[in-house]
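Visitor: I would like a close look at one part of this model. Please take me through the annotated sites.

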Amino acid sequence: MSEKSIYDGLTMLGGTTVQPQSPEEAVLERVPNPQSDVDYAVRFTAPEFTSLCPLTGQPDFAHLVLDYVPGDWLVESKSLKLFLTSFRNHGAFHEDCTVSIARRLVDTLSPRWLRLGGYWYPRGGIPIDVFYQTGEPPKGVWIPDAGVPGYRGRG
């Protein structure tokens with residue numbers, strides 16, 4: 001009799017996957033958190049996030065910084081990468097992209113806390129930064145600064 005693994009049921013690791021054509025088509029996978037009795041922070045940084053302007057179809061670029069304190073679930077990183085990449089063909093304003101990503105993660109993971117900063121590069125000379133947070137982080141958890149400077153030719 002084989003022992004069940006926390007990784008059973010994952011569909012994207014270890015094989016070829018098809019790039020989802022939209023965020024709605026993208027599948028976010030999760031795995032049980034083997035350290036769910038401890039509060040700790042996880043950070044993902046996507047410095048080359050791309051979406052499309054919903055009116056012109058021109059590309060928009062952002063530096064995303066995702067921090068979360070997991071509860072019972074961890075996001076599977078390949079599925080997160082594919083989910084974020086699915087926005088390359090998706091037209092939405094910066095605010096909608098940022099908040100939609102955060103809400104989808106909250107719905108999938110039910111984290112103890114989540115924060116997403118969307119640092120959008122300028123279009124028409126104006127950068128737009130969008131921030132989403134579920135509330136106060138748990139006490140005693142080290143949450144580092146996002147590390148993205150205010151716009152000065154971002155880099």
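Visitor: Is E95 buried, partly exposed or exposed?

Guide: This is a predicted model. E95 is partly exposed, because its relative accessible area is 40%, which falls between the 20% and 50% cut-offs. The residue sits in helix 2. Beyond its sequence neighbours within four places, E95 is in contact with I128 and V130.

Now take H94. This residue is also found in helix 2, which covers residues 94-109. H94 is buried, with a relative accessible area of 8%. Leaving aside neighbours within four places, H94 contacts D60, W120, I128 and V130.

Both residues belong to a UniProt "binding site" feature from an unreviewed entry, which lists V75, E76, S77, H94 and E95. These residues span 21 positions in sequence, and their farthest two C-alpha atoms lie 24.5 Å apart, so they do not all gather at one spot. Of the set, S77 is included in the lining of the largest pocket.

D60 lies in strand 3. It is buried, at 4% relative accessibility. Outside four places in sequence, D60 touches F49, T50, S51, L52, C53, H94, W120 and R123.

C53 is found in the loop between strand 2 (42-52) and strand 3 (59-69). C53 is buried too, with a relative accessible area of 14%. Not counting residues up to four places away, C53 touches Q58, D60, G91 and R123.

Conventions:
Residues numbered from 1 in each chain as written. Predicted model: local features only at pLDDT ≥ 70, side-chain atom pairs only at ≥ 80, totals over all residues. Heavy atoms only, no water. Helix = DSSP H or I, 4+ residues; strand = E, 2+ residues; numbered from the N terminus. Buried < 20%, exposed > 50% of the residue type's maximum accessible area, 1.4 Å probe, protein only. Contact = heavy atoms within 4.5 Å. UniProt positions renumbered as here; feature names shortened; annotations may be inferred. 1 Å grid on protein atoms, 1.4 Å probe; cavity = no way out; pocket = protein on both sides within 12 Å on 5 of 7 lines; lining within 4 Å.
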